[in-house]
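Please read them with the structure open.

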Amino acid sequence: MVSAFRPDTLQEALAILHEHRVIPFAGGTDLMVQRRRGSGLLPTFEYPVLFIGHLDELKEVRSGDGKVRIGSVCPYSFLLGDERVPWSFKRVLIQIASPAIRNRGTVGGNIVNASPAGDTLPYLYAFDAEALVQKWDAQRLIHVRDLVTGPGQTALTPGELLTAVIIPQVPFNRFFYKKVGSRKANSCSKLSFLGIALVEDGVVLDVRMCFGAVAPTVVRDRKIEEELVGKEVGKMGDMIPGIVRTYESLIKPIEDQRCTIRYRKEISFRLLEHFLGTVLVL
Ligand SMILES: Cc1cc2nc3c(=O)[nH]c(=O)nc-3n(C[C@H](O)[C@H](O)[C@H](O)COP(=O)(O)OP(=O)(O)OC[C@H]3O[C@@H](n4cnc5c(N)ncnc54)[C@H](O)[C@@H]3O)c2cc1C
């Protein structure tokens, strides 16, 4: 038997979270896999489930002031059809899972699940996205990169719910995203790379590079990025081997059923080289 709460409003959900130890359930696409017990058996939940996927207050998309605010339980397919969602984010979302999972899976669930292979995370790190976290009597903003503290770990405290993600509309004119999986659909990332840059008159004004699934959390190094600002893209070729070497100490993948350490490292470096040597100079 699984016991559950189904609040009518966000405030009611926050009150339940305040009074009870519960497991928020948005789309359930991670939870139902993690808690499965085999054919014909109900999944096990150690605490009651708190359904939040139906709450309208958490399904809003708003844009303004150079930011897009996405409600935490917006399913991917809904976001793919919303014109306020940046095209660059849609490039990431369309590669997640399959249409059926995209009808249920949410950005909030992807963040709080905090998998090293969570596909929205490299994008959210690159754009310095913030998470709006609420409890029954308070709220706070925290960068997504600070909310995710390790595999399956977040900085959420008891009673807190992730209610929205706020993505700044960073100016860029170079974009490269590559997800490497076993097949085109329904495939978790073996690794991923996302790079954006603003290049004007052949000079780098801003550059951000994120690697997914090659360390406990997304790899992004601001110091390396800052060193590239002001550099001419035409002269980047000589610098690339040194930049790759710098990332070698940061990219520390595990070996699992999806692929080997060597594969994850090698392909990450080749994608980085492609971004710096080809995409930037376009
Ligand atoms: C077949 C299949 C393919 C998949 N493919 C991909 C893929 O390609 N890329 C990828 O990144 N993922 C993939 N996933 C994983 C999953 O679909 C995503 O991580 C999805 O975004 C999870 O969202 P959800 O709403 O279903 O999360 P849930 O399962 O509802 O929740 C996940 C976790 O987050 C917590 N949670 C959810 N919402 C909130 C909230 N608002 N506040 C606080 N805590 C919350 C839950 O308590 C739980 O711990 C796949 C899953 C399946 C089953």
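**Notes on the model**

1. At 14% relative accessibility, Asn110 counts as buried, because buried means under 20% relative accessible area, exposed over 50% and partly exposed in between (1.4 Å probe, protein chains only). Asn110 is part of helix α6 (residues 107-113). Leaving aside residues up to four places away in sequence, Asn110 touches Tyr76, Gly118, Asp119, Thr120 and Leu121; contact means heavy atoms within 4.5 Å.

2. This is a predicted model, in which local features need pLDDT of at least 70 and side-chain atom pairs count only at pLDDT 80 or more, while totals for chains, interfaces and linings use all residues. Residues are numbered from 1 along each chain as its sequence is written, and side-chain values use heavy atoms, with hydrogens and water left out.

3. Helices (H or I, at least four residues) and strands (E, at least two) are DSSP runs, numbered from the N terminus. In helix α1 (residues 10-19), the buried residues are Leu10, Ala13, Leu14, Ile16 and Leu17. They cover an arc of only 160° around the axis, which puts them on the same side of α1; the arc is that of the directions from the helix axis to the C-beta atoms. An α-helix has 3.6 residues a turn, so residues three or four places apart point the same way. The cover over the buried residues of α1 includes β1 (4-5), β3 (49-51), β6 (130-135) and β10 (161-168).

4. β10 also pairs with β5, in the antiparallel sense and over five bridges; two strands pair if DSSP finds at least two bridges between them. Lys67 has Pro168 in β10 as its bridge partner.

5. Which strands form the open sheet of three? The order is β11-β12-β13, with antiparallel pairing. β11 (174-180) and β13 (203-212) stand at the edges with a single partner strand each, so one side of each is left without a neighbour in the sheet. Neighbouring strands of this sheet are turned by 5° against each other on average, direction ignored.

6. β11 pairs with strand β12 (residues 191-200) over seven bridges, and Lys178 stands opposite Phe193 in β12. Helix α11 (residues 261-279) packs on the sheet, touching β11, β12 and β13, and its direction makes about 15° with that of β12. Axes are lines fitted to C-alpha atoms, for helices over the stretch in contact, and angles run from 0 to 180 degrees between N-to-C directions.
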